[in-house]
Amino acid sequence: MENRWQVAISAGLLAAVWCGIADAFHLVTWIGFLGCSTFFAQPKAGFQGVMMAWCTNLSGVFWAWLIISGSSFFVSPVAGYLFTGIATSAMCLQASYQKLSFIPGAFIGCCITFAMAGDVANIVPSLVLGALLGFCMSLLTAQLVTLRQKWSASTGSEIASAD
């Protein structure tokens, strides 16, 4: 990884900023980091990547909410198993649509919702901001890479890489 230092600086700096923001606004820090991870794992670049992270993560939140809500109407846990099977199939099938094609993003949103016992009001803001965090990390990394290249060009030397 040629730009390891730039990635490390931008990720470390913005992770610290995210922790401060999450604390100040009572957001769930780890959910934001999963939204950020979704941004980096999905295949699209730039803001299209943010949109894919949002669409897939939030679809997973929806499917988990549907499982939790639907299961609550039945006494038998078998209903929950059936709802889970149907929702799992749906998360895979929805990948036919371009904006929902990153299946792991849907499963991440679904798992977060189960971990948070369906508390959508606390899930959505952190998840949405997390994808933006990843986008900001990628933008800052690109700026740091550009600065390094300009500095190298102006000094006439290439910085030795410790990568």
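Me: Let's start with Ala 106. Which residues does Ala 106 touch, not counting those up to four places away in sequence?

Reply: Ala 106 touches Thr 56, Asn 57, Ser 59, Gly 60, Met 91 and Gln 94, leaving aside residues up to four places away in sequence. Bear in mind that this is a predicted model.

Me: OK. And where is Ala 106 found?

Reply: Ala 106 is in helix 5, which covers residues 103-115.

Me: How far apart are the C-alpha atoms of Ala 106 and Thr 56?

Reply: Their C-alpha atoms are separated by 4.5 Å, while along the chain the two residues are 50 residues apart.

Me: Is Ala 106 buried or exposed?

Reply: Ala 106 counts as buried, because its relative accessibility is 0% and the cut-off for buried is under 20%.

Me: Zooming out, how many helices and strands are there in the chain?

Reply: There are six helices and zero strands. Going along the sequence, the pattern reads α-α-α-α-α-α.

Me: What about the overall dimensions? What does the C-alpha trace span?

Reply: Along its principal axes, the C-alpha trace spans about 70 × 35 × 25 Å. The chain has a radius of gyration of 19 Å, whereas a compact globule of 163 residues would be near 15 Å.

Me: And what share of the residues is buried?

Reply: Buried residues are 35% of the 163 in the chain. As for the surface, the accessible area comes to about 9,100 Å², and 72% of that belongs to carbon and sulfur atoms.

Me: Switching topic: which residues does UniProt list for "transmembrane region"?

Reply: The unreviewed UniProt entry lists residues 6-33, 100-117 and 123-145 under that heading.

Me: So what does the model have over residues 123-145?

Reply: Residues 123-145 are 100% helix and 0% strand, with end C-alpha atoms 33 Å apart. Residues 6-33 come out at 86% helix and 0% strand, and the end C-alpha atoms of that span lie 19 Å apart.

Me: Another one I clicked on is Ala 117. What is the phi of Ala 117?

Reply: Ala 117 has a positive phi of about 55 degrees, although it is not a glycine. Ala 117 is in the loop between helix 5 and helix 6, and with a relative accessible area of 65% it is exposed.

Me: Last stop, Leu 127. Is Leu 127 buried or exposed?

Reply: Leu 127 is buried, with a relative accessible area of 1%. Leu 127 has its place in helix 6, residues 120-155.

Me: And what does Leu 127 touch, not counting residues up to four places away in sequence?

Reply: With those left out, Leu 127 touches Ile 31, Gly 35, Asn 57, Leu 58, Val 61 and Ile 112. The C-alpha atoms of Leu 127 and Asn 57 are separated by 7.6 Å, and the two residues are 70 residues apart along the chain.

Note on methods
Residues are numbered from 1 along each chain as its sequence is written. This is a predicted model: local features need pLDDT of at least 70, side-chain atom pairs count only at pLDDT 80 or more; totals for chains, interfaces and linings use all residues. Side-chain values use heavy atoms; hydrogens and water are left out. Helices (H or I, at least four residues) and strands (E, at least two) are DSSP runs, numbered from the N terminus. The radius of gyration is taken over C-alpha atoms; the globule rule is 2.2 Å times the number of residues to the power 0.38. Buried means under 20% relative accessible area, exposed over 50%, partly exposed in between (1.4 Å probe, protein chains only). Accessible areas come from the Shrake-Rupley method with a 1.4 Å probe; for residues, only the protein chains shown count as cover. UniProt positions are given in the numbering used here, feature names are shortened, and annotations may be inferred rather than shown by experiment. Contact means heavy atoms within 4.5 Å.
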